[in-house]
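Here's a quick briefing to read with the model open beside you.

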Amino acid sequence: MRGMSTETAPQRLNAEQRAEIDALRAQRAETRRPTVPALEEALYQAMPVLDHGFVRVVDYMGDDAAIVQAARVSYGRGTKQSRQDAGLIRYLMRHAHTTPFEMCEIKLHVKLPIFVARQWIRHRTANVNEYSARYSILDREFYLPEPDRVAAQSAANRQGRGEPLHHAEARGLLDLLREDAERAYDHYEHMLNERQDGAVIDPSRTGLSRELARIGLPLSAYTQWYWKTDLHNLLRFIELRADPHAQYEIRAYAEVIADVVRLWVPLAYDAFADYRAGGARLSAKGLAVVKRLLAGEAVTQEDSGMSRAEWRELMQALGRGEA
């Protein structure tokens, strides 16, 4: 995963939001709760994602010790050494004992394109409160990919990108996306008869309701939400969405969140990176093939009992390409 940045581009937050964050970060509170100094340092700060998006940690509960405590059902924080705690966490991760990981929770404030939000919401094991375009006017902000991210439809994957388009062609298509988004927002303001700052455009006419005017906005428009989940389900989100096969735009968010988790629960994250993100699951047939290969036997897809797709995936996991 890439290193986490808390550098905030001017367009991501307005002056009021920046002042609110500065005020929150200036507060200090005495607590008996376990805290994580590395995550405390990142608390409330907007970590940039894509062109206008961000992720902010708003609150959290628990740490690596909370996972251990739940597993041992012990009092206080216990007296075990860190090495023993790491061993227990690795055991829990290795054997899919997930309940102790559910004892840690985190709340994030996320600004993201609507089409990313519609993928994200498929992770239903979270509490979500989204910005309401029935109540407020959306900002004039739209996601536009970088030219090198503009690619043709994949021939092998119906829901993925293929080869990048030539730079000039990509620029032309990006111009179309930008023009369509700007036109849609102009019409949005016209129908509302109101601008984002609340100014009325034409006092002689009545604007359309916000809940109707919003329906013409593109999926590239940005929304925001507060998203709260436990560590077990957050790791599942990262496992799926930080995967190289995931769409780049949601993967960008997952990678930033993975960096947050590394700060928050480093022992749990190391176990996750080893056993899940960097590991591989084998079917009974796949395990049988591995045993035969270790015994020095020549195995082919035809005598493995596996389909071509299963065989290809196993060979890739074993570093044997598409044999």
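Ala184 sits in helix H6, which covers residues 167-192. This is a predicted model, so treat what follows as a reading of that prediction. Ala184 counts as buried because its relative accessibility is 15%, and the cut-off for buried is under 20%.

**Ala184 and its surroundings**
- Setting aside neighbours within four places in sequence, Ala184 is in contact with Gly216, Leu217 and Pro218.
- Glu239 is 55 residues away from Ala184 along the chain, and 35 Å separates their C-alpha atoms.

- Ser220 is found in the loop that links helix H7 (210-213) to strand E7 (222-230).
- Is Ser220 buried or exposed? Ser220 is buried, because its relative accessible area of 16% falls under the 20% cut-off.
- Not counting residues up to four places away in sequence, Ser220 touches Pro113, Phe115, Glu141, Phe142, Tyr143 and Ala181.

**Strand E7 and its partners**
- Seven of the nine residues in E7 are buried, so the strand is largely enclosed by the rest of the structure.
- E3 and E7 run antiparallel, joined by nine bridges.
- If you want a spot to check in that pairing, look at Ile106, which stands opposite Thr229 in E7.
- E4 also runs antiparallel to E7, with four bridges joining them.
- Here, Asn129 has Tyr226 in E7 as its bridge partner.
- As background for looking at these strands, side chains in a regular strand alternate between the two faces of the sheet.

**The second largest pocket**
- The second largest pocket has a volume of about 600 Å³.
- Its lining takes in 24 residues, and those nearest the centre of the pocket are Asn14, Gln17, Tyr131, Asp139 and Gln224.
- Which elements give two or more residues to this lining? They are helix H1 (15-26), strand E2 (53-61), strand E3 (105-113), strand E4 (127-130) and E7.
- E7 supplies the largest share of the lining, with five residues.
- Sorted by class, the lining of the second largest pocket splits into eight nonpolar, eight polar and eight charged residues.

**Two residues with positive phi**
- Most residues other than glycine have a negative phi.
- Tyr44 isn't a glycine, yet its phi is positive, at about 75 degrees.
- You'll find Tyr44 in the loop between helix H2 (37-42) and strand E1 (47-49).
- Tyr44 is buried because its relative accessible area is 17%, under the 20% cut-off.
- Asn193 isn't a glycine either, and has a positive phi of about 55 degrees.
- The loop between H6 and H7 is where Asn193 lies.
- Asn193 counts as buried because its relative accessibility is 4%.

**The protein overall**
- The protein has twelve helices and seven strands.
- Of its 323 residues, 40% are buried.
- Taken along the principal axes, the C-alpha atoms fill a box of roughly 85 × 55 × 30 Å.
- Looking at contacts between residues at least 6 apart in sequence, 69% join residues at least 24 apart.
- The protein exposes about 18800 Å², and carbon and sulfur atoms supply 50% of that area.

Conventions. Residues are numbered from 1 along each chain as its sequence is written. This is a predicted model: local features need pLDDT of at least 70, side-chain atom pairs count only at pLDDT 80 or more; totals for chains, interfaces and linings use all residues. Side-chain values use heavy atoms; hydrogens and water are left out. Buried means under 20% relative accessible area, exposed over 50%, partly exposed in between (1.4 Å probe, protein chains only). Contact means heavy atoms within 4.5 Å. On a 1 Å grid over the protein atoms alone, a cavity is a set of points where a 1.4 Å probe fits but cannot get out, and a pocket is an open set with protein on both sides within 12 Å along at least five of seven lines; lining residues have an atom within 4 Å of a point. Grid points are joined across faces, edges and corners, and a volume is the space filled by probe spheres set on the points. Ala, Val, Leu, Ile, Met, Phe, Trp, Tyr, Cys and Pro count as nonpolar, Asp, Glu, Lys and Arg as charged, and the others, Gly among them, as polar. Two strands pair if DSSP finds at least two bridges between them. Accessible areas come from the Shrake-Rupley method with a 1.4 Å probe; for residues, only the protein chains shown count as cover.
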